[in-house]
Each structure stands twice: as C-alpha cells, then as structure tokens.
Amino acid sequence: VVDADIACHYKRSPMHLFAYRVHTHRLGKIVSGYRVRNGQWTLIGRQSPQLPQAFYPVKYPVDISYDDILAARCVFSGEGRTTETHIGGTANDEMCNFYIMYYMEAKHAVSYMTCTQNANPEMFRSIPQEANIPIPVKSDVLKVMHGHHEETKDSDTSSLLQQDKKEEEILDHGDFYSLLSKLLGEREDVVHVHKHNPAEKAESDLVAEIANVVQKKDLAREIANHDERDNTILVRDRIQKFHRLESTLRPPENRHLSLQQSKRGEGSWDKEHKGDFHIAEAVEWPGLDLKLGQVSGLALDPENNLVVFHRGDHVWDENSFNSKFVYQQRGLGPIEQNTIIVLNPSNAKLLHSTGKSLFYLPHGLSVDKNGNYWVTDVALHQVFKLGAKDKEPLLILGIALQPGSDKNHFCQPTDVVVDPITGNIYVSDGYCNSRIIQFSPNGLYVMQWGEETSLGRSRPGQFRIPHSLALIPDLSQLCVADRENGRIQCFRLETGEFTREIKHKAFGRELFAVSYVPGGLLFAVNGMPYLGEAESVQGFVMNFSTGEIIDTFIPLRKSFEMPHDIIASEDRTVFVGDVHAKTVWKFASAEKMEHRSVKKAGIEVQETKESETIVEARLKNKPESTDSLKNMEKQHLVQQASTTGVSFVLITTLLIIPVVVLLAILVFVRWRKTTVYGADGEHKLDSSSGRILGRLRGKGIGGINLGNFFANHKGYSRKGFDRLSTEGSDQEKDEDDGTDSEEECSASPLPPAPSSS
C-alpha cells in the first residue's frame with residue numbers, strides 16, 4: 001500500500017465548496033480531501049476512484065479561508081502487479097486527483113486554481129483514520145469501469161503485449177482533464193487561447209506540444225506520422241472547446257479603468273466604469289507584523305509615505321474617563337514610545353518616528369501640504385501641530401486635560417484637517433460635543449456648526465460623535481463620518497452649509513471613518529454589527545457624485561475588529577488602521593494585481609485580464625529576453641496612450657482608401673483604353689466626369705465590369721469575380737466524440753453605551 005499526499009496553503013479570497021470528484025487509475029482504493037484549520041481536519045469528501053467518475057455533492061458545507069490548508073490523500077494498492085507502476089498519463093500508470101467545485105464572491109472570483117505539492121508532509125501523521133480505509137466496490141462495477149482495460153489470464157503473451165501497447169495510446173476522461181489542468185495551471189500563454197486566435201505558427205507549436213504531452217508516455221518522442229498529428233489536432237480542438245465552456249462560466253474580468261480628471265466643482269466618478277473597480281488586500285505587504293499599540297489615526301505625507309498614529313502601551317477602556325469626561329489615568333504619564341511613525345508604503349520599512357512623551361490617548365491624524373502633522377488627543381482634549389522634525393508642538397489648540405464646549409475648549413476632539421488652499425483648520429469635536437469648529441491658519445476661532453442629534457430621526461447638521469473628517473478641496477466641501485448615526489454628512493467649507501448625506505443599509509449603525517480621493521471616490525469603514533444585525537464590518541468604495549457603493553472589501557489576513565481610520569491615495573491604494581487588532585492593512589486596486597501568475601505554497605493561479613484591444617497570444621517554447629519584454633511593455637503603454645488617436649486615424653484611412661483605389665482604377669482603365677483604341681478612346685474618356693460616374697453606377701452602356709475587363713487580357717480569368725455562395729461559411733464545426741465528450745473544469749454583544757475608541 002502506498003499513500004500519495006497533497007497539501008497547500010490557500011492564499012486567496014474565501015471560497016465555498018459544494019462538490020468534489022476523485023480520480024486515479026486501477027490501483028487507487030480511496031481518495032479523501034480535507035480542509036485543515038488550526039490543526040482541525042474537516043472532511044470535504046472521500047470516495048472510491050473505482051466508482052463512476054462524477055462530481056458528488058459535499059455532504060456538509062465547507063468554506064475555505066485565507067491561510068487554510070487544503071489536503072488530500074490517495075491510497076493505492078499494488079496487489080496483483082508484478083512490475084513497478086509509475087506516475088503518468090496512461091492506463092498502466094497512476095495519478096492522484098481530488099477536484100473541487102466551488103464558488104466565490106464574483107468580484108474576487110478566480111476561475112481556476114491548482115495544488116500540486118505537499119507543503120507539510122508531517123501534518124499527515126494526524127490525518128483522520130478514515131482516509132486510510134478503502135470503500136468496497138462490487139466486482140460488476142469494476143467490470144463496467146475497466147472492461148476495456150481488463151487483462152484476462154487466458155490471453156497469450158502476444159495479445160498482452162499488444163494490449164499494453166494500445167493502452168499506452170489511451171487517454172481516459174480524467175487524464176484528459178488532468179492535461180487541461182496542467183496547461184491551464186502552468187502555461188499563461190495557453191489560457192484562453194481560443195479568444196485570441198493565435199497565429200498559425202503558434203498554433204502548430206501548441207499542437208506539437210500537446211502531442212508530446214498527451215499522446216506519448218515518453219515526452220522526448222516525436223510525432224512520427226500524419227495520423228498521430230491528426231489525433232493531436234483533435235485534442236487541441238477539445239481543449240479549445242473546454243476553453244469556450246470555461247469562458248461562459250467565468251465572471252467578466254476587469255477592464256481598463258481610469259478616473260476622470262474632474263474640474264474644480266465637479267468631482268464625478270465615470271459612470272461607465274461602475275462595478276469595474278475592485279479593492280483587495282495586498283497580502284505581500286508586511287505591515288501586518290508591526291508591533292503597534294492601538295492604531296487610532298492614519299495619513300499620507302506629501303511623499304505618499306504612510307503615517308501612523310498609535311497609543312503605544314496606553315489603552316482607552318472603561319477606566320480612562322469619569323462621567324464628566326475628565327481623564328483618570330494621568331498617573332501613567334505620557335506615552336514613552338514614539339506615537340507617530342512614518343512607513344514606506346511598499347515594504348512597511350520604518351522611515352521616521354516622533355511624538356515620544358507628548359500624548360496620553362492619541363486619536364485623529366492628518367498631514368498638511370507642507371508635511372506638518374496635525375493630531376488630536378482625547379485625554380488632553382487638545383489639538384496639536386507638529387513639524388516632521390520638531391520635538392515640540394508648533395501650535396496647540398485647547399486647554400490640557402480640561403473638557404469644555406466654548407471657543408477655547410474641546411471635549412475629546414476626534415479629528416483635524418487643514419484646507420490646502422486657504423490653510424483654515426477644521427476640528428471635529430467630538431465624543432462629548434457635537435460640532436465642527438473652524439480656525440484660521442494661525443489658530444484663531446472663526447465659526448462652528450452642528451448640534452446633538454435629537455430624539456427620533458437625525459436631521460442634517462446633527463451629530464452623534466462626528467468621528468472622522470475628509471476634505472474635498474476641489475469642491476470646497478468637508479465630509480464628516482457621523483459615527484453613531486451611521487452616515488456621511490457633507491458641508492460647504494466657507495459657510496458650514498449642509499450639502500448632502502450619504503447613508504446605506506450596509507453601513508449598519510456605525511460609520512467610523514471616511515477618506516476622499518481626487519477624481520470622485522469616497523472610502524469608508526463601518527463598525528461591528530450589534531447583536532442580531534446582519535451588516536458586516538467592511539470597507540466601502542463610493543461614487544462621490546451619486547453616493548452609490550462601487551465596491552466593498554475585507555482583509556484576507558486576520559479580520560477587522562474595530563477599523564478606526566482609513567486613508568486612500570490617488571492611485572487607489574488604501575490603508576485601514578484597527579484599534580482592537582492593533583494593526584494596519586493595505587489594500588490595492590485589483591487592476592494592479594491582474595495579468596500575472598501567482599504561485600505561493602503550491603497554489604497556482606492564472607489571472608488573465610481581458611483587454612478591449614486585440615491581444616495576440618504568443619505561444620513560444622523559449623522565454624523571451626528581458627529586453628524584448630521591456631520593449632513589449634513600452635509598446636503596450638504607447639498603444640494604450642494613443643488608442644483614441646489611432647481610432648481616428650484608422651477611420652480616416654478607411655474612408656480615404658476606397659477613393660484612392662477608385663482613382664487608381666480610373667487611371668488604369670484610361671491608360672489601357674488609350675493603348676488599345678488610340679486617340680478615339682482617349683477622346684471618349686475625356687468627355688465628362690458625369691459619364692464616368694454613370695458607368696460606375698451601371699447606368700452607361702460601357703459600365704465597368706472588372707471580371708470582363710481582366711478576362712479580355714492574357715493571363716487573367718473571371719475566377720474570383722463571380723458571386724460566391726456564403727451560406728454556412730461562418731458555421732463552426734463541433735465534432736462530438738462519445739469517448740471524450742465530458743467537459744469539466746478541474747480544478748460583538750450590544751454595548752451599554754457607544755464605544756469610545
């Protein structure tokens with residue numbers, strides 16, 4: 001008895017399994033598949049590969065999450081064999097396959113994945129014992145399954161040899177789709193080959209390659225005769241059929257997306273791209289491993305570096321304040337760690353840090369156009385301006401440790417932003433006040449607006465914890481995350497006049513933070529649902545003009561616990577900070593992660609982007625040089641940049657060509673008639689342009705007939721000018737084969753009061 005074990009770490013968005021299929025050849029006794037999570041083995045399905053080849057429903061629903069392990073075991077018995085059995089594609093070889101049917105959320109869907117290695121052999125010591133127990137199969141079933149393969153004792157030696165030779169050429173259903181798995185999983189240039197109509201040379205290369213893989217056990221053997229090549233072409237056609245089937249099931253891929261560069265006062269998201277914009281976690285970003293305190297604020301500096309405001313070893317809990325909002329833990333002293341850290345947004349490398357021994361309970365953060373840090377401290381009830389290299393604040397608003405509601409006091413201020421155009425300062429105040437305060441660039445009080453939410457439905461301008469601010473400078477607006485009202489309110493910067501509200505059922509009761517990207521995108525994060533509520537904690541991407549939700553996103557690594565702040569850059573890179581998880585996630589537009597092959601821990605995924613332009617499939621056995629690849633990339637960028645210009649030139653050219661051809665024909669006809677008929681012919685042609693046009697329309701007696709014209713001269717015939725029958729010319733032949741007709745794709749409790757974080 002021999003075991004074949006397969007195991008891989010799953011590194012994609014969650015998927016849900018609903019069916020499975022097992023496959024070996026004649027020596028396989030039992031195949032079992034499992035999900036392994038935190039050391040616990042959950043059965044996906046187990047079945048005898050000697051039973052009819054089919055997908056069987058998963059008995060109990062199984063979901064696969066990021067970093068779960070997918071594991072499978074095939075048990076083989078060599079009983080009755082007198083020679084060694086090898087891994088291979090013929091009936092006398094063996095293979096081990098466990099196929100899974102699954103579904104995913106459409107915007108994150110991947111149509112094909114494969115696991116081809118054993119990432120952790122030691123783990124199989126704890127595999128459930130059921131994986132080693134064969135499922136009995138009746139002998140009559142075996143005869144049905146293997147009747148055309150069975151060897152009888154009465155057969156003579158020559159017939160056995162002939163049978164073995166024949167079996168080497170046999171490719172059963174499971175083997176055929178295993179080949180498809182190999183091609184789809186390992187060859188990016190083969191994916192969706194039918195869509196791109198590869199050149200004849202490339203197509204012949206693929207035919208030759210398939211021949212080597214499919215038809216011969218020894219890959220080094222060459223195609224010897226025409227019949228074998230015909231069979232290879234049949235296999236190629238079946239692969240193209242498979243691609244057609246797969247493409248009908250595949251969700252539409254993302255198209256090229258561009259933000260409209262909106263003029264001041266517009267700020268609209270291109271409606272044409274609605275639904276095409278997707279955000280996903282950048283799982284390669286190592287920032288999740290940083291040792292941080294409670295992450296309360298995020299911002300991007302002028303160099304697009306990530307700035308994080310965290311609480312070090314201090315924690316905001318039920319003992320932090322009394323009923324009058326006075327901080328009760330002054331004895332702890334200020335935070336002794338640097339509370340402001342600057343990170344490289346690509347690799348999370350620490351670039352700079354400051355803010356040691358200044359703060360008690362950090363909260364809001366922003367960075368102005370000059371690179372100054374603006375922060376709020378809910379324990380000190382103050383707002384600070386700090387230079388990037390200054391140890392002491394450049395400006396302080398509010399009175400330390402004194403909550404209040406007048407022009408000189410704050411009560412747990414939550415956020416602060418600075419208008420890059422006017423330099424005016426806006427403070428959201430806060431947990432125990434319900435107002436937005438405007439200050440001049442040098443910190444003088446200008447005005448305020450807002451009031452506490454009244455009983456019943458909240459009205460415009462009323463707040464229940466104005467928690468986060470987002471400036472929309474190109475529209476001269478300020479948007480506020482009205483946390484406990486679960487909405488976004490926007491106001492005019494100059495007057496504080498209410499302009500709009502954005503509210504969705506998906507927000508739930510709480511909306512914690514909001515961020516704006518020039519061009520018309522709003523990003524936001526909500527809070528954990530209350531007991532009995534269905535809305536999940538997640539991130540949102542919204543069209544600022546319409547307020548509609550374009551996309552939602554959640555992390556793959558860890559989970560949102562209390563996402564507290566969000567910041568987005570113009571290239572749609574998004575960072576989310578979580579006070580409870582004490583971490584920062586990075587998300588990126590799915591466009592950035594398309595058209596690449598991802599291979600991690602044995603899970604290989606092909607992501608192919610469908611461009612609106614014509615894509616030529618290049619199937620080459622030898623990799624292209626680095627220089628040629630760079631040249632191709634440059635050409636692709638130039639092609640993208642000039643699409644509009646090319647379209648115009650193309651249309652103009654197509655209109656001009658018929659005119660040029662017509663003139664050329666007229667000149668040629670005139671020359672020929674001059675040659676044949678002499679001056680008389682020349683005189684006739686000189687008569688008028690109207691007569692020429694009349695002939696072209698077929699109204700003149702001597703109308704031009706290209707067939708007759710060329711037929712009058714030596715070496716020409718009418719062939720090609722007579723009307724041809726086009727009936728059926730576009731019908732695609734779809735030859736069915738009974739033996740290989742199968743087509744498949746292998747493959748928190750209710751709080752007593754609003755939380756204060």
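The model is predicted: local features need pLDDT of at least 70, side-chain atom pairs count only at pLDDT 80 or more, and totals for chains, interfaces and linings use all residues. Residues are numbered from 1 along each chain as its sequence is written, and side-chain values use heavy atoms, with hydrogens and water left out.

**Figure 1. Overview of the protein chain.** The protein chain holds 11 helices and 36 strands. Helices (H or I, at least four residues) and strands (E, at least two) are DSSP runs, numbered from the N terminus. Of its 757 residues, 47% count as buried. Buried means under 20% relative accessible area, exposed means over 50%, and partly exposed lies in between (1.4 Å probe, protein chains only). The accessible surface is about 39700 Å², of which 53% belongs to carbon and sulfur atoms. Accessible areas come from the Shrake-Rupley method with a 1.4 Å probe, and for residues only the protein chains shown count as cover.

Figure 2. A salt bridge is a side-chain nitrogen of Lys or Arg within 4 Å of a carboxyl oxygen of Asp or Glu. Side chains of opposite charge can pair when their charged atoms come close. The whole structure has 18 salt bridges. Arg73 is buried because its relative accessible area is 7%, whereas Asp3, at 38%, counts as partly exposed.

**Figure 3. The salt bridge of Asp67 and Lys11.** The closest N and O atoms of Asp67 and Lys11 are 2.7 Å apart. Here too the pair links distant parts of the chain: Asp67 is in the loop between β5 (56-64) and β6, and Lys11 is in the loop between β1 and β2 (15-23), 56 residues apart. Asp67 has 39% relative accessibility and so counts as partly exposed. Lys11 is partly exposed as well, with a relative accessible area of 22%.

Figure 4. Asp482 and Arg487 meet through their side chains in a salt bridge of 2.8 Å, N to O. Asp482 counts as buried because its relative accessibility is 0%. Arg487 is buried too, with a relative accessible area of 0%.

**Figure 5. Ser569 and its surroundings.** Ser569 sits in the loop between β32 (563-568) and β33 (574-578). Its relative accessibility is 5%, so Ser569 counts as buried. The side chains of Ser569 and Asp571 are joined by a polar contact of 2.3 Å. A polar contact is a pair of N or O atoms within 3.5 Å; within protein, one must be able to donate a hydrogen and the other to accept it, and residues adjacent in sequence count only if both atoms are side-chain atoms. Leaving aside neighbours within four places in sequence, Ser569 is in contact (heavy atoms within 4.5 Å) with Leu300, Asn304 and Val517.

Figure 6. Leu650, Leu654, Ile657 and Val661 make a nonpolar surface patch of about 360 Å². Patches are made of residues with over 30% relative accessible area and no salt bridge; like charges are joined within 9 Å, and nonpolar side chains (Val, Leu, Ile, Met, Phe, Trp, Tyr) within 5 Å. Leu654 lies in helix α8 (residues 643-677) and counts as exposed because its relative accessibility is 52%.

Figure 7. A cis peptide bond, with omega about -5 degrees, joins Asp429 and Gly430. Gly430 is in the loop between β19 (425-429) and β20 (435-439). Asn38, a residue other than glycine, has a positive phi near 55 degrees. Asn38 is placed in the loop between β3 (28-37) and β4 (40-47) and, at 77% relative accessibility, counts as exposed. Ile465 has a positive phi near 70 degrees. The loop between β23 (462-463) and β24 (466-472) holds Ile465, which counts as buried at 9% relative accessibility.
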